[in-house]
Amino acid sequence: AWESAGTPLLAQALEPNFWRVPIDNDIGNEMPKRHSVWRTAGEQRTVQSVTATQAQPQMVRIEARSVLPAGGASYTNTYRIYGNGDIVVEAV
């Protein structure tokens, strides 16, 4: 758990979200049906690997590589955690 002074900083693990609420035009052209695989792509991803390295004396780098069910697309999250408490998240 990620905590500071006993207070949780995250309610749950970070999860990518590739979906947005459809607007009228989307519904009219059946976008929700055509692109429905993206609605659950984040929660249904398959994590292939997780690596952690001490990239610098005051920074740990965690990289999580995944595959999405939408056409087998690759997805990588990189977390850089600094000694001062800063966390930088990158998604590619």
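Let's start with V67. Leaving aside residues up to four places away in sequence, V67 touches R45, T46, Q48, G72 and A73. Bear in mind that this is a predicted model.

Where does V67 sit? It belongs to strand β4, which covers residues 59-67. One distance to note here. From the C-alpha atom of V67 to that of A41 is 9.3 Å, and these two residues are 26 apart along the chain.

Now the aromatics. How many aromatic pairs does a search of the whole structure find? Two.

Take F18 and W38. Their ring centres are 5.5 Å apart. Their planes meet at 65°, so this pair is edge-to-face; the cut-off for that label is over 60 degrees. What does the pair tie together? F18 lies in the loop between β2 (7-8) and α1 (24-28). W38 lies in the loop between α2 (31-34) and β3 (46-56). The pair therefore ties together parts that are 20 residues apart in sequence.

Next, F18 and Y75. Here the ring centres are 5.5 Å apart and the planes stand at 85°, so the pair is edge-to-face. F18 is in the loop between β2 and α1, while Y75 is in strand β5, residues 74-82. That is a link between distant parts of the chain, 57 residues apart.

Is Y75 buried or exposed? Y75 has 10% relative accessibility, so it counts as buried; the limit for buried is under 20%.

F18, W38 and Y75 make up one aromatic cluster. F18 takes part in the pair with W38 and in the pair with Y75.

Last stop, the surface. Which residues make the nonpolar surface patch? They are W2, L9, L10, L14, I87 and V89, and the patch has an area of about 490 Å².

L14 has a relative accessibility of 41%, so it counts as partly exposed.

To recap. One aromatic cluster is formed by F18, W38 and Y75. The nonpolar patch includes L14. Over to you.

Notes
Residues numbered from 1 in each chain as written. Predicted model: local features only at pLDDT ≥ 70, side-chain atom pairs only at ≥ 80, totals over all residues. Heavy atoms only, no water. Phe/Tyr/Trp six-rings, centres within 6.5 Å; stacked < 30°, edge-to-face > 60°. Helix = DSSP H or I, 4+ residues; strand = E, 2+ residues; numbered from the N terminus. Buried < 20%, exposed > 50% of the residue type's maximum accessible area, 1.4 Å probe, protein only. Patch = residues over 30% accessible without salt bridge, like charges linked within 9 Å, V, L, I, M, F, W, Y side chains within 5 Å. Areas by Shrake-Rupley, 256 points an atom, 1.4 Å probe, with all protein chains shown as cover. Salt bridge = Lys/Arg side-chain N within 4 Å of Asp/Glu carboxyl O. Contact = heavy atoms within 4.5 Å.
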